[in-house]
Amino acid sequence: MKDADKKRLLREMLFARRFEERCYEAYVERNIGGFLHLYPGEEACAFGVLEAANPGHDYVITSYRDHVHAIKAGADPKKVMAELFSKETGVSKGRGGSMHIFDVKHRFMGGYALVGGPFPLAAGIAKGIQMQGGDEICICFLGDAANNQGTFHESMNMAKLWNLPVLYVCENNLYGIGTRIDRSTAVVDQYKRVSAYNIPSAKEDGQDVDLVYKAATKAIKHVRAGKGPYFLELMTYRYRGHSMSDSNAYRAKTEERMWSRRDPVIMLRDRLIEAGKLTLDEFKDMDTAILDEIEDEVIRFASESPEPHISDVEKYVLGENDPWVMGGAQ
Ligand SMILES: Cc1ncc(C[n+]2csc(CCOP(=O)(O)OP(=O)(O)O)c2C)c(N)n1
Ligand SMILES: [Mg+2]
């Protein structure tokens, strides 16, 4: 990766960090309701992988911890925040909220609340690409605990059987809500599990965006060449509780401190400073500009946008007479 790209990536990752922190505040201020799952600590995963991909051309799908992936895929942060504020201008017109960010224009295919739900959807998207003969790939991000769902095994089997162009990325943050991985999972090394399906895989440090980028470049090359699926396990850590309703009381402070010493944003910052490509003052200025942008543009847009109108309450709701509903009018 060129230095200029690394600097841009640093800005994007810092923006994502500040965006998520501002979401936390907006939730406390009651501008965001419902569920809210935040991404601080895990940024190198989404940014390293999607930097190596071709967002907007390649399809991206993930779980409920989805704001940052959507933004890196090309979604407008203002519209993502407006979605979180349940506004008409949101990416899902305010009807989806945090767990259902969707931006078809940028091929960001959601945002899903069902743990393990995106595995087969990603296989289906990849099957569609294969049938149409395109050179796109589908990238599916999911958590470590999701791999204990039946959908994981069904999807890995089909993906390999049909050699689908899909990259599965496991963001292994060691926990599924409050349950540590070794208390829920017989084989804790997630990358080993797909060997049962003959899917090539790798495990990488998910805090180091350079390493993630390199591992993802190799994985994507494999998938795009038509060689079938690939599984990448990234070791990472979320700084906050599982969601806003999680008091985060189950993790040792020593463990939290250990991971915060390997912060993905700070590691990239320090690497650029050591290489003489950035100064601390430049970084601080970058941070100030980001905080201003989030307040003056992103939050303002979300705050000032209208709520969905009551007369539209039936819009975007499937009814029994819709032709695509089973049993509905043909
Ligand atoms: C089918 C299903 N079962 C259970 C839940 C409740 N649930 C929500 S998140 C979660 C843990 C998922 O952990 P992981 O896959 O590791 O992702 P992370 O939140 O750590 O990113 C569970 C069990 C759900 N949303 N869907
Ligand atoms: Mg997890």
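A residue is near a molecule or strand if one of its heavy atoms lies within 4 Å of it. This is a predicted model, in which local features need pLDDT of at least 70 and side-chain atom pairs count only at pLDDT 80 or more, whereas totals for chains, interfaces and linings use all residues. Residues are numbered from 1 along each chain as its sequence is written, and side-chain values use heavy atoms, with hydrogens and water left out.

User: Which residues are the closest to ligand 1?
Analyst: Ligand 1 is surrounded by 15 residues. The closest are Tyr 64, Arg 65, Ala 145, Asn 173 and Tyr 175.

User: How far does a polar side-chain atom of Asn 173 lie from an oxygen atom of ligand 1?
Analyst: A polar contact is a pair of N or O atoms within 3.5 Å. An oxygen atom of ligand 1 lies 3.0 Å from a backbone N or O atom of Ala 146. For the polar side-chain atom of Asn 173, the distance to an oxygen atom of ligand 1 is 2.8 Å.

User: Is helix 1 roughly parallel or roughly antiparallel to helix 11?
Analyst: Helices are DSSP runs (H or I, at least four residues) numbered from the N terminus, and angles run from 0 to 180 degrees between N-to-C directions of axes fitted to C-alpha atoms over the stretch in contact. Helix 1 and helix 11 (residues 264-274) pack at about 150 degrees, with axes 10 Å apart. Angles over 145 degrees count as roughly antiparallel, so helix 1 is, relative to helix 11, roughly antiparallel.

User: How many charged residues does the contact of helix 1 with helix 11 hold?
Analyst: Contact means heavy atoms within 4.5 Å, and Asp, Glu, Lys and Arg count as charged. Lys 6 and Arg 17 of helix 1 and Arg 269 of helix 11 are among the residues making this contact. The number of charged residues is five.

Technical notes: Chains are lettered from A and ligands numbered from 1 in the order in which they are written. A polar contact is a pair of N or O atoms within 3.5 Å; within protein, one must be able to donate a hydrogen and the other to accept it, and residues adjacent in sequence count only if both atoms are side-chain atoms. Helices (H or I, at least four residues) and strands (E, at least two) are DSSP runs, numbered from the N terminus. Angles under 35 degrees count as roughly parallel, over 145 as roughly antiparallel, 65 to 115 as roughly perpendicular and the rest as oblique.
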